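Here are my notes on the model you sent over. Have a look at the structure first, then read on.

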Amino acid sequence: MREGIDEPQPIGSLPGQMQHSRESLREEVRQLKDLGVPAVMLFGVPLNKDHEGTEAFNPDGIVQLAIQDLRDDHGDDLVIIPDLCVDEYTDHGHCGVLDDLGQPDNDATLEIYEQIAVVQAAAGADIVAPSGMMDGQVFAIREALDDAGFDEVAILAYAAKYATALYGPFRDAVDVTIVGGGDRRGYQQDVANAREAMEEIREDIGEGADIVMVKPAMPYLDVISRVRQEIDIPLAAYHVSGEYAMVHAAAQNGWLELEPVAFEHIGAIKRAGADLILTYFSRLIAEGLQ
Ligand code: PBG
């Protein structure tokens, strides 16, 4: 979703993907729904970014309006999952508000996440999906939702989210550049570590997560498989922008065939144990399954 556009804008680094206007999103989701896609995840690019990412919790912000549009169109027949983070909304590109040293301030950020959760729930979200990897975010959001009377709104926690080099095309898609050439290694998982990811998963479940997610997917099938063996709640996996873009780039060069490789990727994630798969290939897979 991009605020302030009338026509969908193609995303160069994600062939086949668009930044949507309100109208084009409605049409896209109608088609996906007809193809059998049961749920959508929404990300927003606001017209104005600021230090705290205030557009993320504006009741008239672009994602909140999109949630209402889709709820009007589909009633209870579509699962609507807004991403809950501020990096697309901040002028510095971090997933939280910054302290005096320019680093994300964990606890100040939680207060903002609480406000976003309540505004998204009020707009009609079924599930909120905190992706900022702040400590205690699931607990804080659960409490805020319950206090506001949204105890039926579920939390999909980006629990084991690695500080991978595979998010590049996404940051392009949402106009995010981290200030000063910074990165997210302070709050995302170390690529070399599997046990720490298990800890994060257990913590998020303890804090009230209804679904936990591993991200990215293909290079982390060991983590997906391990989580599947050790925990009983629904497990999601996110096949991220870089994974999608690599397959497209190779296919554009004639080096491999797009559709069978897409099916192999998504099939492998399922085989490893994911119950839900978040993927930019959803249309291609749904069409292939008709
Ligand atoms: C953070 C967020 C990111 C993605 C989803 N939510 C990027 C990041 O952590 O920099 C990446 C998704 C993708 O690469 O497809 N709000």
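The points below cover the ligand site and the aromatic pairs.

1. Ground rules: this is a predicted model, where local features need pLDDT of at least 70, side-chain atom pairs count only at pLDDT 80 or more, and totals for chains, interfaces and linings use all residues. Residues are numbered from 1 along each chain as its sequence is written, and side-chain values use heavy atoms, with hydrogens and water left out.

2. Who is around the ligand? The ligand has 17 residues around it, the closest being Asp-87, Arg-171, Lys-215, Ser-241 and Tyr-280 (a residue is near if one of its heavy atoms lies within 4 Å). By type, this shell splits into 7 nonpolar, 3 polar and 7 charged residues; Tyr counts as nonpolar here, and Gly as polar.

3. The protein covers 100% of the 410 Å² of accessible area that the ligand has on its own (Shrake-Rupley method, 1.4 Å probe).

4. Tyr-280 turns up again among the aromatic pairs. There are 6 such pairs, with ring centres within 6.5 Å; planes under 30 degrees apart count as stacked, over 60 as edge-to-face and the rest as tilted. Tyr-238 and Tyr-280 make a tilted one, 6.2 Å centre to centre with 45° between the planes. Tyr-238 lies in strand β8 (residues 235-239) and Tyr-280 in the loop between β9 (276-279) and α10 (282-288), so this pair ties together parts 42 residues apart in sequence (strands are DSSP E runs of at least two residues, helices H or I runs of at least four).
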